[in-house]
Amino acid sequence: AGGPPSAQYMRVRELKGEKLGILFVDDKTLKKNKPGLQDFEAIVVQRTAVPEVTTSNTLLLNVYQWYPDLGKLGDPVEMAFGKHWKLPKLQETLAKLGGGTIPAEEVKVVKPMKWQLKDETQIPLLKWNMRKLNKNSKIGSAPWRARSGDNILFKDGRIPEKIEKQPDILPTGISQPGPEPGGIKILSLEEIEERERRIEEAEKKYREDAEKKKAEGTAPDGPPPPPSMPPPAV
């Protein structure tokens, strides 16, 4: 709608050149939010998607909705979350963002690495089963340890994923014999969990090998490439 938003739908940010800076939180005075604030400095007022109350524990995260039946990501929405929020509150908030059509308990959430967002065919392979999370897991604590600027994805867990068959690729980048590429297979929950288990094992081995090579002085220059995703067992 036209006109200025109400205070609940406003977020105040510092403007540094053409980039957004610090968030001015509700539980601090202007002076405490930006010590040394002077005349002619610029601030920006953002309209938010949902009502927000920000504090010193607020994280700004980029939220994407994943549509398994379409194999597509929705547009990102920057939202404020409390770093001490527990999983049920996060699921409830995301269910509302999804239009209220997803029961909160059916909301599945993952925190991907940035490189994992570049290939939508890999998104169904993320750790959607939330095996390492429980109702007491907090956004800013292990295993996520989310920080402002991170990305989170959510989806309706009732909708099955469509997975493209791929050749078997290990984290070292060496292809192994596997199913021929092409075609679509809808994986069961058990198959998805097995694939995620194999991914975790492959990533762990990759890290261990990298640490061993580093200790031996044989590690390659520069950071290692992100591990590729192994396919489900056949």
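The side chains of lysine 34 and glutamate 41 meet in a salt bridge, at 3.4 Å from N to O; the term denotes a side-chain nitrogen of Lys or Arg within 4 Å of a carboxyl oxygen of Asp or Glu. Lysine 34 is buried, with a relative accessible area of 16%, whereas glutamate 41 is partly exposed at 35%. Buried here means under 20% relative accessible area, exposed over 50%, and partly exposed in between (1.4 Å probe, protein chains only).

The model is predicted: local features need pLDDT of at least 70 and side-chain atom pairs count only at pLDDT 80 or more, while totals for chains, interfaces and linings use all residues. Residues are numbered from 1 along each chain as its sequence is written, and side-chain values use heavy atoms, with hydrogens and water left out.

**Salt bridges**

Side chains of opposite charge can pair when their charged atoms come close. The structure holds ten salt bridges, and the table gives some of them.

| Salt bridge | N to O distance | Relative accessible area |
|---|---|---|
| Lysine 34 and glutamate 41 | 3.4 Å | Lysine 34: 16%; glutamate 41: 35% |
| Arginine 13 and glutamate 78 | 3.2 Å | Arginine 13: 8%; glutamate 78: 28% |
| Glutamate 92 and lysine 96 | 3.8 Å | Glutamate 92: 42%; lysine 96: 58% |

Helices (H or I, at least four residues) and strands (E, at least two) are DSSP runs, numbered from the N terminus. Arginine 13 is buried, while glutamate 78 counts as partly exposed. Both residues belong to a network of salt bridges that links Arg11, Arg13, Glu52 and Glu78.

Glutamate 92 and lysine 96, by contrast, both lie in helix 2 (residues 87-97), four residues apart, about one turn of the helix. Glutamate 92 is partly exposed and lysine 96 is exposed.

**A buried glutamate**

Glutamate 161 is found in the loop between strand 8 (151-156) and strand 9 (162-164). Its relative accessible area is 2%, so glutamate 161 counts as buried. The side chain of glutamate 161 makes polar contacts with the side chains of tryptophan 66 (3.1 Å) and lysine 155 (2.8 Å). A polar contact is a pair of N or O atoms within 3.5 Å; within protein, one must be able to donate a hydrogen and the other to accept it, and residues adjacent in sequence count only if both atoms are side-chain atoms.

**Nonpolar cores and the aromatic pair**

In soluble globular proteins, nonpolar side chains tend to be buried together. A nonpolar core is a set of buried Ala, Val, Leu, Ile, Met, Phe, Trp, Tyr and Cys residues joined through side-chain atoms within 4.5 Å. The largest has 20 residues, of which Phe81, Leu90, Leu94, Val109, Ile139 and Ile152 touch the most other members. Strand 4 (58-67), strand 6, helix 2, strand 7 (107-110) and strand 8 each supply at least two residues of this core, and helix 2 gives the most, with four. A second, separate core of nine residues includes Tyr64, Trp66, Leu73 and Trp128.

A search of the whole structure finds one aromatic pair. Phenylalanine 81 and tryptophan 85 form this pair in an edge-to-face arrangement, 5.6 Å centre to centre with 80° between the planes. Rings of Phe, Tyr and Trp (its six-membered ring) pair if their centres lie within 6.5 Å; planes under 30 degrees apart count as stacked, over 60 as edge-to-face and the rest as tilted. Both phenylalanine 81 and tryptophan 85 are buried.
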